[in-house]
Amino acid sequence: MFDFLILGDHFNNVMEGKNRRKFIKSLSAGFAGSLLFPSFTTANDSNHIENDFLFAKEFENKEAYWELVKDQFRFAPELRYFNNASLGPSPIPVQHATQQYRDLLDGFPSKYMWGEWKEAKEKTRKGVAELFSVSEEEIALIHNTTEGMNLIARSFDLQAGDEIILGDHEHPSGTVAWEVWQEAKGVKLVRPELPLLPNNVDEIIDVYKKAITPNTKIISMCHVVNTNGMILPVKEISEMAHKKGVLVAVDGAQSAGMFQFSLHDLGCDFYAASSHKWLFSPKGVGILFARKESQHHLKPLIVARGHKDESIRRLENYNTRNLPELLGLGAAVEFYNRIGQENIHSRSYELKDYFLSKVRNNPKFKIKTPNSNDLSCAIQVIEIIGKDVREVKAKLFDNYGIDCRPMSSFGLNALRISLAIYMSKRDVDFLVHALEEV
Ligand SMILES: Cc1ncc(COP(=O)(O)O)c(C=O)c1O
């Protein structure tokens with residue numbers, strides 16, 4: 001029923017809508033003459049760009065605004081995508097900007113790979129740094145979270161008997177690296193059990209507090225766990241850990257872009273994220289934050305010329321690399337900022353509230369994500385009571401075109417629903433209707 005390869009017509013339709021053009025132009029505002037979103041910044045357009053700029057506040061009907069945002073994404077026909085936590089889509093302007101970078105690179109490979117894009121790369125780094133309220137000297141541009149967690153786990157010269165704390169909900173990207181690079185040397189991995197549905201953050205903080213011993217060297221933890229979408233109190237745990245001389249590394253794959261926070265405020269030493277999830281960048285691009293005081297701990301995962309560079313750039317030096325995608329992250333950050341970080345933050349929580357208001361009191365369902373806003377945001381996990389989650393997942397896709405992730409670990413037997421900014425409340429209604437019927 002769903003042919004994901006045939007996108008041509010859909011793409012044309014997407015590009016023809018008047019509002020869409022207007023919005024895309026608005027997204028291009030400020031980039032006239034630059035490489036970002038080049039297809040839309042013609043001389044004719046540029047006079048109207050500022051007037052066309054669509055701030056959410058200009059819309060009395062906020063849903064209409066989010067419908068326009070939705071129109072910037074090009075999904076396969078009839079697909080209803082509730083699976084952003086697995087992988088995010090890039091909006092059309094970001095796809096175009098990235099393609100333009102690819103075209104330029106292939107037009108003159110040697111020129112663009114070495115030197116020509118130095119400034120654009122630094123601009124991307126700065127954009128990312130601003131998004132997380134840190135210095136660009138604290139951001140390395142890498143490929144994904146897995147790489148960041150490997151780089152962190154491999155950097156330490158730990159000894160047998162030293163301990164690393166890894167909660168039981170950590171993603172394999174945040175555990176395998178420690179197993180291979182540290183456990184294999186006799187370093188002890190301590191795996192405390194987190195409560196699945198804590199009532200408050202203290203319950204989680206307590207778990208980490210009890211796990212720390214005089215031998216603990218590092219806590220490696222998710223900001224948002226991928227299993228049931230629970231937000232972990234990184235700030236409080238970092239404060240506690242630092243008092244005991246313990247470093248904190250964070251897997252931010254599911255938090256970067258989903259809601260607003262400052263990395264300095266979070267207080268962790270290191271934070272690795274994949275921008276291809278909630279920041280909608282091209283695939284295979286990621287971010288590694290290391291706060292200034294903790295950078296000396298980190299060593300490059302791949303060594304090449306420049307590995308002794310004193311700046312954080314030594315951690316991202318692969319020689320020839322995926323520069324169009326990396327610069328596409330710059331375009332993604334611009335797209336993100338056009339909508340506005342605060343708007344995205346509040347929309348994530350608005351969609352959560354809307355979804356929960358429709359399912360919370362229905363006896364057919366059980367929500368398996370902690371409720372309060374400091375414990376969850378745009379990932380909500382829901383069990384259809386009495387049904388096997390794999391069957392439900394298959395029916396949702398076959399009958400409704402809904403893609404979401406079934407979660408079986410920790411006895412969840414539940415669907416992981418991602419609520420992203422390209423979703424309207426109508427989409428949530430559609431989902432809820434399908435869940436009720438299925
Ligand atoms: C919590 C978490 N960490 C790490 C990853 C791995 O991300 P990547 O494959 O982009 O490195 C994922 C992917 O889903 C994740 O959810």
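# Close-up views of a predicted model

**View 1. Residues around the ligand.** The shell around the ligand consists of 2 nonpolar, 10 polar and 1 charged residues. Here Ala, Val, Leu, Ile, Met, Phe, Trp, Tyr, Cys and Pro count as nonpolar, Asp, Glu, Lys and Arg as charged, and the others, Gly among them, as polar. This is a predicted model, in which local features need pLDDT of at least 70 and side-chain atom pairs count only at pLDDT 80 or more, while totals for chains, interfaces and linings use all residues. Residues are numbered from 1 along each chain as its sequence is written. Of the 13 residues that surround the ligand, the closest are N144, T146, N226, A253 and S274 (a residue is near a molecule if its C-beta atom, placed from the backbone, lies within 6 Å of it). Helices α8 and α9 (172–181) are the elements that give two or more residues to this shell; helices (H or I, at least four residues) and strands (E, at least two) are DSSP runs, numbered from the N terminus.

**View 2. The sheet of 7 strands.** The strands form an open sheet with mixed pairing, in the order β2-β8-β7-β6-β5-β3-β4; two strands pair if DSSP finds at least two bridges between them. At the edges are β2 (139–142) and β4 (188–190), each pairing on one side only. From one strand to the next, the twist averages 20° (axes are lines fitted to C-alpha atoms, for helices over the stretch in contact, and angles run from 0 to 180 degrees between N-to-C directions). Strands β6 (residues 247–251) and β7 (residues 270–274) run parallel and are joined by 3 bridges. Within β7, A272 stands opposite D251.

**View 3. Helices α8 and α9.** Helix α8 (residues 145–155) lies across β2, β6, β7 and β8 (286–290), and runs at about 155° to β7. Which residues of α9 are buried? They are S173, G174, T175, A177 and W178, where buried means that 20 or more other C-beta atoms, placed from the backbone, lie within 10 Å of the residue's own. The cover over these buried residues includes α8, β3 (163–166), β4, β5 (216–222) and β6, with contact meaning C-beta atoms, placed from the backbone, within 7 Å.

**View 4. The sheet of 4 strands.** This open sheet is antiparallel and has the order β9-β10-β13-β12. Its edge strands, β9 (365–367) and β12 (405–407), each pair on one side only. Neighbouring strands are turned by 35° against each other on average, direction ignored. Between β12 and β13 (residues 414–418) there are 3 bridges in the antiparallel sense, and M407 stands opposite A414. Helix α14 (residues 341–359) packs on the sheet and touches β9, β10 (379–384) and β13, its direction making about 15° with that of β10.

Methods. Two residues are in contact if their C-beta atoms, placed from the backbone, lie within 7 Å. A residue is buried if 20 or more other C-beta atoms lie within 10 Å of its own, exposed if 12 or fewer, and partly exposed in between; C-beta atoms are placed from the backbone.
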